[in-house]
Amino acid sequence: MQFPGPKKKKLILAGDQRGASYPHSLQFYLQPPSENISLIEFETLAIERLKLLKIVENLGVSYLKGSEQYQSKLESEIRRLKFSYRENLDDEFEARRRDHISHFILRLAYCQSEDLRRWLIQQEMDLFRFRFSILPPDKVQGFLKDSHLQFETISKEEKQLHSQDILDSSVPLSGNKYELDAVYKVPFADALDLFRGRKVYLERGFAFVPHQDIVSIILNDFRAKLSKALALTARSLPSVQSDERLQPLLNHLSHSYVGQDYNAQGNMGKISLDQLDSLAMKSFPLCMRQLHKALREHHHLRHGGRMQYGLFLKGIGLTLEQALQFWKLEFIRGKVDTDKFDKGYAYNIRHSYGKEGKRTDYTPFSCMKIILTNPPSQGDYHGCPFRHSDPELLKQRLQSSKISQTGINQILDYVKGTHYQLACQKFFDLTHNIEDGMFSLNHPNQYFLESQKLLSGGREVRKEPSQPEVPQAKQSVQKTANSTSSPPASLDSTLEMDMEGLEGYFSE
């Protein structure tokens, strides 16, 4: 892909050429795109696909994959985000083009670590499985051929000859469905997953795979090709990152957050310092409970902890004056005297509230940023407990939160599957005694607000009558050169604003 200046040059093709470019609603992404796009479209397409993959992840945990509810909700979301999904829709070229380009952009962003690669592969596989499940039967052979997958379909005579053996091996395949669907003859080595599960009939080195099971073989090939492609992309990444236009975008996308920025302006002054201990027990996510507890016990937090916790407190409504008072009271109980605090920290706290320097209004960290950046080391308390804690230590923390053993096992299962945000959402459900949260958790401040709404019967956090309201200056947000008019992109761009000057606030 080429990335010119602000003016976008779109590829213009005739009807036949458009169809030849993207003949199907799903792809193996064998060839990278070759057209010119603008940096604005580059960022917009990447964010839209990231939103889609997050939806795929959340639906895959909330519903049984392949169920009617799962299929219906996922199709609705794909349609809303204008990506391709059905074979027989009119003029799908633009949707398939968006799908093609956005996939390769996320390859660049998500090839940078094993965790990122694993997450991308899993979500892309689930999206591929959905699209293949709604692919019309008469289009399957064409798709397989275009994807360089040659699976031989057996003749009607051979199908009839082996019918009972195949039906017995492929539960729960019904006789009627067997008559209608194709059966593929594939090499035994390509059907190992089905063989392990005793779900396929074997004869003379070949597996006889009904249409309903062929997706598992195709997915294995899709996974292998994508995994290899990501490894190759990672090797060539240094040359891509040498482009100063792309490096910040790619680094940003790898821990991108596409939701609300949880700016504190609307909640300023609604929380008093006396409430913090109580709120920490009732409405803080586990990461912030951990930081609050460590600060109260040691009267100090290291760099990463002050960064994560300070901006969270700002987001829930602590005013600048409250923040200065809170940190000062805690620090002077430890090894920091008043003079050292005033000289070393006060300016930078004001800076984080947009009152000094460039007057940039910094926003709290999202779950993705906490999980994927700045992992804690010895003596640190920041990070995500579900991602960064030892399993036994995490279990003890969950027990101290009075969660049942069954609930702890459910959370640990999510952790083992690397679904850290879903583990946190289950923690929310269990600590608030609800069956299933009605929101998708992506941000610590979202956790806090949802908890407060639930505890107050759906109302927002009430303002403390004893706490005077502090007038706030108008928000000053530094806009990036690549910001767009779409709300998700503009919200997302505020997250990774220039951190110059803020690091000093959290440094030793």
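Trainee: Which residues of H24 are buried?

Mentor: The model is a predicted one, and helix H24 covers residues 444-455. A residue counts as buried under 20% relative accessible area. In H24 the buried residues are Pro444, Asn445, Gln446, Tyr447, Phe448, Ser451 and Gln452.

Trainee: What covers the buried residues of H24?

Mentor: The cover includes several other helices. Among them are helix H13 (276-283) and helix H14 (286-298). The cover also includes helix H15 (303-316), helix H19 (367-372) and helix H23 (420-431).

Trainee: How many Å does H24 reach from its first C-alpha to its last?

Mentor: H24 has 12 residues, and at 1.5 Å a residue a reach of 16 Å is expected.

Trainee: Which residue just after H24 takes a positive phi?

Mentor: The place to look is just after the helix, where phi is about 75°. The residue with this positive phi is glycine 457.

Trainee: Phe448 also has a ring. Which residues do ring pairs link with Phe448 into a cluster?

Mentor: A search of the whole structure finds 25 aromatic pairs. Ring pairs join Phe448 into a cluster with Phe284, Tyr309, Phe312, Phe326, Trp327, Phe331 and Phe341.

Trainee: What is the angle between the planes of tyrosine 22 and phenylalanine 93?

Mentor: A pair of aromatic rings is described by the distance of the centres and the angle of the planes. Tyrosine 22 and phenylalanine 93 form a tilted pair, 5.7 Å centre to centre. The angle between their planes is 45°.

Trainee: How many residues apart are tyrosine 22 and phenylalanine 93?

Mentor: Both residues are buried. Tyrosine 22 is in the loop between helix H1 (15-21) and helix H2 (39-62), whereas phenylalanine 93 is in helix H4 (residues 93-110). The pair thus links distant parts of the chain, and the separation is 71 residues.

Trainee: Is leucine 253 buried or exposed?

Mentor: Leucine 253 lies in helix H12 (residues 247-253). Its relative accessible area is 1%, and the cut-off for a buried residue is under 20%. Leucine 253 therefore counts as buried.

Trainee: Which strands stand at the edges of the open sheet?

Mentor: The open sheet has 4 strands in the order S1-S2-S4-S3, with antiparallel pairing. An edge strand has a single partner strand, so one side of it is left without a neighbour in the sheet. The strands at the edges are S1 (152-153) and S3 (201-203).

Trainee: Which residue in S4 stands opposite leucine 202?

Mentor: S3 and strand S4 (residues 206-210) pair in the antiparallel sense over 3 bridges. Opposite leucine 202 stands alanine 207.

Trainee: Which helix packs on the sheet?

Mentor: The helix touches strand S2 (183-187) and S4, and its direction makes about 120° with that of S4. It spans residues 211-241 and is helix H11.

Methods: Residues numbered from 1 in each chain as written. Predicted model: local features only at pLDDT ≥ 70, side-chain atom pairs only at ≥ 80, totals over all residues. Heavy atoms only, no water. Helix = DSSP H or I, 4+ residues; strand = E, 2+ residues; numbered from the N terminus. Buried < 20%, exposed > 50% of the residue type's maximum accessible area, 1.4 Å probe, protein only. Pairing = 2+ DSSP bridges. Contact = heavy atoms within 4.5 Å. Axes fitted to C-alpha atoms, helices over the stretch in contact; angles between N-to-C directions. Expected span 1.5 Å × (residues − 1). Phe/Tyr/Trp six-rings, centres within 6.5 Å; stacked < 30°, edge-to-face > 60°.
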